[in-house]
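Try each task before you read its solution.

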Amino acid sequence: MRNRLELPDQQWNRVSPKYVVVVFVGSLIGGLVLAAIAVAFLLLNGAWWGWLALGVIAAVTLVQLIIAPRRARSIGYWLREDDLLFRRGIMFQRFVAVPYGRMQLVDVTRGPLSRALGLADLRFVTAAAASGVAIPGLANQDADALRDRIVQLAESRRTGL
Amino acid sequence: MTTEPDGPTGRPGPEVAGSPEPLRSPAREAANLADGEWHLLHAATPLLRGGIFFLAVLGFVIANLRQRLVDLFFPEPRYGPDRDPIDAIYSSGMTGWVLLAFAGVLVLCLAAFYLAWRMHTFRVGQDAVEVRSGILFRTNRKARLDRIQGINITRPVLARIVGAAKLEISVAGQDANVQLSYLRSALADALRREILQLASGARAAARPTPEGTDATIRPAATAALAADSGSQRDVTVPDSGSGHRNAGHPEFATRVRAAVGERVGDFLAPELDPDAASPESVVKIPPGRLAGSIVLSGGTVVLVLMGLVLIAGIATGRLWLFFILLPGILGSVGFYSRQITRSLRYSIAGTPDGVRIGFGLLATSNETLPPGRIHAVEVTQSILWRPFGWWQIRIDTAGHSSQKGAAGQANTTILPVGDLADVQRVLALVMPAYATEEHRALVEEGMSSRGTRYITAPRRAAWLRPLSWRRTGYRILDGVALLRHGVVWRRLVLVPLARLQSVGVEQGPVLRALGLARAELHTVPGPVHPRLAVIDLDQAWIMFDQVAAGAIEWSGRDTSQQWRR
């Protein structure tokens with residue numbers, strides 16, 4: 001895989017293994033909701049394409065469930081000297097570097113499932129909407145520690161907008 | 001005019017909750033609005049803000065009242081065939097009540113407008129602009145001066161007649177701008193100059209720094225001016241005599257420097273009333289070029305197509321096409337006229353406190369962008385403009401004036417149309433440190449050639465960008481990333497790394513199969529999107545590392561936020 005986007009030196013911090021459950025359940029619920037809509041169409045007007053849609057939804061959901069562990073594993077972050085490096089995705093890869101001085105705020109959110117598993121999602125906001133750095137599925141204490149660390153780093157490297 | 005509340009003639013106004021400081025009428029404050037005191041807005045503000053509606057209601061009421069008055073004093077018995085007098089009196093009585101009610105509402109409105117105006121006060125302190133407003137629900141908004149992204153002065157037609165102007169201070173963030181509408185026209189210009197001076201750090205530098213500054217070092221510009229106006233320096237010496245002449249020598253020097261710096265601002269800034277003395281614009285748009293640039297826009301292509309469809313439709317008897325296409329054609333006429341009014345009397349000039357862009361024929365707009373507030377610059381040319389060598393420049397800034405441009409468009413197009421020399425002049429204004437021969441050559445190459453100064457995409461990128469792969473490339477030089485791409489729509493994007501928010505590389509399955517990647521520089525939201533759709537995989541990492549490192553290095557080095565410090 002020569003063409004793959006990859007950084008040679010691996011020092012990535014990965015998210016909690018429990019995050020796989022969140023991805024898994026999320027895919028499952030999404031698939032079920034779509035399947036329910038397709039079934040509703042089938043029952044209401046018996047459209048033939050309802051079966052087709054149902055099949056596609058089932059297949060997509062199955063693939064998502066299979067790759068869920070890899071998707072969760074693909075998320076990584078790396079606190080470098082002056083910036084935060086973030087990666088995400090298998091098929092559609094994305095690497096972002098955000099200087100600490102550019103962080104405007106750090107969000108910690110916990111969904112119901114995440115809370116049950118003791119996980120938290122971190123989101124970093126810069127003045128650019130496109131930055132889009134969000135690290136989901138960190139263990140609670142890791143998330144808090146990372147947030148405090150980032151805020152501290154951002155404070156020490158504060159620059160203008 | 002009965003609607004216009006009488007401006008207070010200097011006497012302390014009615015008790016305003018939460019403002020123990022005496023308020024002063026702007027009429028008596030011509031000298032200085034930025035003195036840290038609370039000030040009122042222009043006396044015609046209520047009229048200008050809700051004014052037209054209010055006037056209309058008043059006109060309606062008066063028109064009706066006149067009829068009622070006639071009815072009241074000359075009761076025309078028209079109730080019943082036998083001209084019953086009691087009925088007429090009864091009717092007249094009702095008219096009176098209606099009259100009274102109208103009068104009451106009117107008085108209430110007047111009182112509310114007047115009170116709102118009295119309660120709407122602002123002050124400009126050493127480090128913040130503060131606005132208080134509201135009668136029942138008080139709001140107090142404070143904007144830090146060092147966070148100002150731009151100051152826009154607009155003069156709608158009605159306000160121009162009264163001699164008022166709207167001053168808007170843009171800060172980053174949604175709906176975070178501070179609006180002072182309306183101010184006396186001349187005062188608005190003076191206030192902008194004052195605010196920009198405060199924001200520039202010129203006065204902050206006047207405070208002696210704890211570590212003490214070296215008395216012998218003096219910025220070149222200040223020294224040059226000190227030489228020009230030695231008398232000014234002499235004048236300031238006795239003023240600062242209260243300081244310890246012997247012990248506090250560095251303090252003394254900083255004070256002199258600050259005082260001289262203030263003079264620099266006072267004398268060099270050509271920010272006079274633009275109606276009185278127009279600043280020297282570095283770009284003149286000839287009317288022919290303006291009209292040509294607007295005719296040769298994408299809208300025209302659509303218009304011509306619609307015209308052809310219309311003719312074909314009518315020729316074949318499909319008249320309904322006419323009704324479908326007519327709104328579009330009318331809309332495009334509006335579009336053209338907006339474009340023209342926007343670009344008429346366009347001017348761009350450099351002042352010590354930033355780039356100043358003005359435009360508009362009837363309603364004028366005039367924005368000053370302090371240095372270090374421009375996050376990305378894009379130079380574009382459509383294929384229609386290429387034979388004429390015309391270019392357009394757009395920018396990304398963090399703060400946006402909610403006051404749209406005269407065309408109802410965002411004030412992000414800082415050069416509507418210009419030739420190569422104009423582009424170079426405007427770029428020299430918005431990026432003063434980026435105007436050497438080398439930089440110019442680089443910009444020129446980025447604009448119109450496939451030259452090798454840029455690191456371009458490999459040949460296999462032709463699968464995705466058959467026309468423009470040779471042009472798609474980047475170059476990083478002296479803290480600015482230049483991205484060029486496009487053949488039909490030529491684009492060159494300049495991003496000062498000092499203000500870059502983040503950088504990203506991405507890859508999807510198609511790009512992976514070709515060994516390519518996509519690179520994106522993230523800046524504040526705006527019309528400019530700095531990105532390279534295709535880039536060699538290894539080059540992507542080199543660029544990623546260079547940009548990430550450059551962003552940290554240059555943001556640490558950047559001092560333009562307080563440009564006079």
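**Exercise 1.** In which strand of chain B does B:Asn366 lie? Then work out whether B:Asn366 is buried or exposed.

*Solution.* Some ground rules come first: this is a predicted model, where local features need pLDDT of at least 70 and side-chain atom pairs count only at pLDDT 80 or more, while totals for chains, interfaces and linings use all residues. Residues are numbered from 1 along each chain as its sequence is written, chains are lettered from A and ligands numbered from 1 in the order in which they are written.

Step 1: B:Asn366 sits in strand β10 of chain B, residues 364-369. Helices (H or I, at least four residues) and strands (E, at least two) are DSSP runs, numbered from the N terminus.

Step 2: a residue is buried if 20 or more other C-beta atoms lie within 10 Å of its own, exposed if 12 or fewer, and partly exposed in between, with C-beta atoms placed from the backbone. B:Asn366 counts as buried because it has 23 C-beta neighbours inside 10 Å.

Step 3: zoom out, and 36% of the 565 residues of chain B count as buried.

**Exercise 2.** Find the open sheet of seven strands and give its order.

*Solution.* Step 1: trace β1(A)-β2(A)-β3(A)-β4(A)-β18(B)-β19(B)-β20(B), with antiparallel pairing. Two strands pair if DSSP finds at least two bridges between them.

Step 1: go to the edges, where β1 (13-14) of chain A and β20 (531-536) of chain B each pair on one side only.

Step 2: β1(A) meets β2 of chain A (residues 76-79) over two antiparallel bridges, with A:Asn13 opposite A:Tyr77.

**Exercise 3.** Why is one side of β1 and of β4 in chain B left without a neighbour in the sheet?

*Solution.* Step 1: the open sheet here has four strands, β1-β2-β3-β4 of chain B, paired antiparallel.

Step 1: β1 (39-40) and β4 (139-144) of chain B are at the edges with a single partner strand each, so one side of each has no neighbour in the sheet.

Step 2: β1(B) pairs with β2 of chain B (residues 121-124) over two bridges, and B:Leu40 faces B:Thr121 there.
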